[in-house]
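Thanks for coming. I will go through one model this morning, taking it piece by piece.

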Amino acid sequence: MLAHVDVNSAYASFERVFNPSLDGRPLVVLSNNDGMVVAASREAKAIGLDPGKPWFELSPHAQRLGVAAVSSNYELYGDMSRRVMDVLERFTHELDVYSIDEAFLTVDRRAAADPDEMTRLGREIKDTLRRLLGVPVCVGIAPNRTLAKLANRTAKKLPVFDGVCVWTAIRPDWRRQLMEALPVSEVWGIASRLELRLLGYGVRSIWDLATAGGRFQVSLSMRSGR
């Protein structure tokens, strides 16, 4: 079993650690020359301030919307990332740092055999990072990386999981409903071009992909390079 740990809105969360007055406000992090939004908090995304948008178009509306903007500080983000990974190493004998804000942890065999124990582990990871570093994370635990990423995504999107989702602990009928509701683009590694190809085959949801015929799956594997 693998645990996927991902810092929520990493750059914004790192900024808030050192400036608590930014908590709860829509927050955007700007590129080095303050030309565009490179990261946004959950609150900022909720009002349409997504990464990639030019700041000069958004700045006239910032005060009215209560938006805070900060220049990017990659030295700070790198330091906070190292602190996060140092804490994660306490929970596993094998840590794979995937990016500045996410990593995969191999789950101890004893914990992997018990869904309740895996949930407890996920909550301990989440609570420890919040307590020691002030950083919010979500945790997804599953038998492989693709499902662990999907479990993490589920933990982020559905409040009922409170930031921790163990894929094997979800009832099979609920897993199916979830996979039917999520677009295929939510699968790790499926970007826009491959998504368009899949739509051409009638594959719209994750469930469509998971239940595709064997020959079709082989064809998809060849096209996606997996």
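Ser72 sits in the loop between S4 and H4, where helices (H or I, at least four residues) and strands (E, at least two) are DSSP runs numbered from the N terminus. This is a predicted model, in which local features need pLDDT of at least 70 and side-chain atom pairs count only at pLDDT 80 or more, while totals for chains, interfaces and linings use all residues. Residues are numbered from 1 along each chain as its sequence is written, and side-chain values use heavy atoms, with hydrogens and water left out.

Is Ser72 buried or exposed? With a relative accessible area of 13%, Ser72 is buried; buried means under 20% relative accessible area, exposed over 50%, and partly exposed in between, with a 1.4 Å probe and protein chains only. Leaving aside residues up to four places away in sequence, Ser72 touches Val29, Leu30, Ser31, Asn32 and Tyr77, a contact being heavy atoms within 4.5 Å.

Three strands form an open sheet in the order S3-S2-S4, with mixed pairing; two strands pair if DSSP finds at least two bridges between them. Strand S3 (37-40) and strand S4 (68-71) are at the edges with a single partner strand each, so one side of each has no neighbour in the sheet. On average, neighbouring strands here are turned by 30 degrees against each other, direction ignored. Strand S2 (residues 27-30) pairs with S4 in the parallel sense over four bridges, and Leu27 stands opposite Ala68 in S4. H1 packs on this sheet, touching S2, S3 and S4, and its direction makes about 105 degrees with that of S2.

H1 has a helical partner as well. The axes of helix H1 (residues 10-18) and helix H4 (residues 74-88) come within 10 Å and cross at roughly 90 degrees; axes are lines fitted to C-alpha atoms, for helices over the stretch in contact, and angles run from 0 to 180 degrees between N-to-C directions. H1 is therefore roughly perpendicular to H4, on a scale where under 35 degrees is roughly parallel, over 145 roughly antiparallel, 65 to 115 roughly perpendicular and the rest oblique. On the H1 side the contact is made by Tyr11, Phe14, Glu15, Val17 and Phe18, and on the H4 side by Tyr74, Leu76, Tyr77, Met80, Ser81 and Val84.

Now to S7. Six of the six residues of strand S7 (residues 137-142) are buried, so S7 is largely enclosed by the rest of the structure. Both faces are covered, with Val137, Val139 and Ile141 buried on one side and Cys138, Gly140 and Ala142 on the other. Strand S1 (residues 2-7) pairs with S7 in the antiparallel sense over six bridges, and Val7 stands opposite Val137. S7 also pairs with strand S8 (residues 164-166), in the parallel sense over three bridges, with Val166 as the bridge partner of Ile141.

A hairpin comes next: S5 and S6 form it with two residues between them. Strand S5 (residues 95-99) and strand S6 (residues 102-106) pair in the antiparallel sense over four bridges, and Val97 stands opposite Ala103 in S6.

Last, Thr128, in helix H6 (residues 115-133). Thr128 counts as buried because its relative accessibility is 7%. Beyond residues up to four places away in sequence, Thr128 touches Val87, Phe91 and Leu133.
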